[in-house]
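User: Please take a close look at one part of this model, and then connect that part to the side-chain contacts elsewhere in the chain.

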Amino acid sequence: MVVDEQFRLHPESTAYLDAVRGMGRSVNTERNYAYGLALYLTWCDERALSWSDPGFENLLRLRNWLVGTPLPVRGRRVQPVIRYRKDG
């Protein structure tokens with residue numbers, strides 16, 4: 001599920017994830033899709049963009065942000081490995 005800062009469900013995301021579940025996809029697939037949707041919605045919200053019509057230039061900015069921003073650190077290493085999303 002995808003919620004806003006007041007913990008209200010995002011209706012369109014919820015409907016999409018319900019459709020993914022209805023197609024018989026795995027729980028892990030649904031979880032990954034929910035993560036991606038939440039990331040996109042948060043990115044749009046922080047920039048005061050309409051999630052349903054962000055515009056081509058803003059989608060390019062999103063892509064560059066995704067590729068250029070390090071992923072969260074995994075584990076408890078003293079010197080964590082900095083990881084990035086793939087350019088593809």
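What volume does the largest pocket have?

Analyst: The largest pocket has a volume of about 260 Å³. The structure is a predicted model, in which local features need pLDDT of at least 70 and side-chain atom pairs count only at pLDDT 80 or more, while totals for chains, interfaces and linings use all residues. Residues are numbered from 1 along each chain as its sequence is written, and side-chain values use heavy atoms, with hydrogens and water left out.

A pocket here is an open set of points on a 1 Å grid over the protein atoms alone, where a 1.4 Å probe fits, with protein on both sides within 12 Å along at least five of seven lines, and its lining residues have an atom within 4 Å of a point. The volume is the space filled by probe spheres set on the points, which are joined across faces, edges and corners. The lining of the largest pocket consists of 15 residues, and those nearest the centre are Asp4, Glu5, Leu41, Thr42 and Asp45. By class, the lining holds seven nonpolar, three polar and five charged residues, where Ala, Val, Leu, Ile, Met, Phe, Trp, Tyr, Cys and Pro count as nonpolar, Asp, Glu, Lys and Arg as charged, and the others, Gly among them, as polar.

Turning to charged contacts, the whole structure contains four salt bridges, each being a side-chain nitrogen of Lys or Arg within 4 Å of a carboxyl oxygen of Asp or Glu. One of them joins Glu46 and Arg47, whose closest N and O atoms are 3.5 Å apart. Glu46 is exposed, with 59% relative accessibility, whereas Arg47 is partly exposed at 35% (buried means under 20% relative accessible area, exposed over 50%, partly exposed in between, with a 1.4 Å probe and protein chains only). Arg47 also has its charged end over the ring of Trp65, 5.8 Å from the ring centre; this contact requires NZ of Lys or CZ of Arg within 6 Å of the ring centre and within 35 degrees of the ring normal.

Another salt bridge pairs Arg63 with Asp87, at 2.1 Å between the closest N and O atoms. Because Arg63 lies in helix α3 (residues 56–68) and Asp87 in the segment after α3, this pair ties together parts that are 24 residues apart in sequence. Helices (H or I, at least four residues) are DSSP runs, numbered from the N terminus. Arg63 is partly exposed, with a relative accessible area of 33%, and Asp87 is exposed, at 51%.

Salt bridges with shared partners also join Asp18, Arg21 and Glu30 into one network. Within it, the side chains of Asp18 and Arg21 meet at 3.0 Å, N to O, and both residues lie in helix α1 (residues 11–22), three residues apart, or about one turn of the helix. Asp18 is partly exposed at 41%, and Arg21 is partly exposed at 47%.

The rings of Tyr16 and Tyr33 have centres 6.2 Å apart and planes at 15°, so the pair is stacked. This pair links distant parts of the chain, with Tyr16 in helix α1 and Tyr33 in helix α2 (residues 27–46), 17 residues apart.

Methods. Helix = DSSP H or I, 4+ residues; strand = E, 2+ residues; numbered from the N terminus. Phe/Tyr/Trp six-rings, centres within 6.5 Å; stacked < 30°, edge-to-face > 60°.
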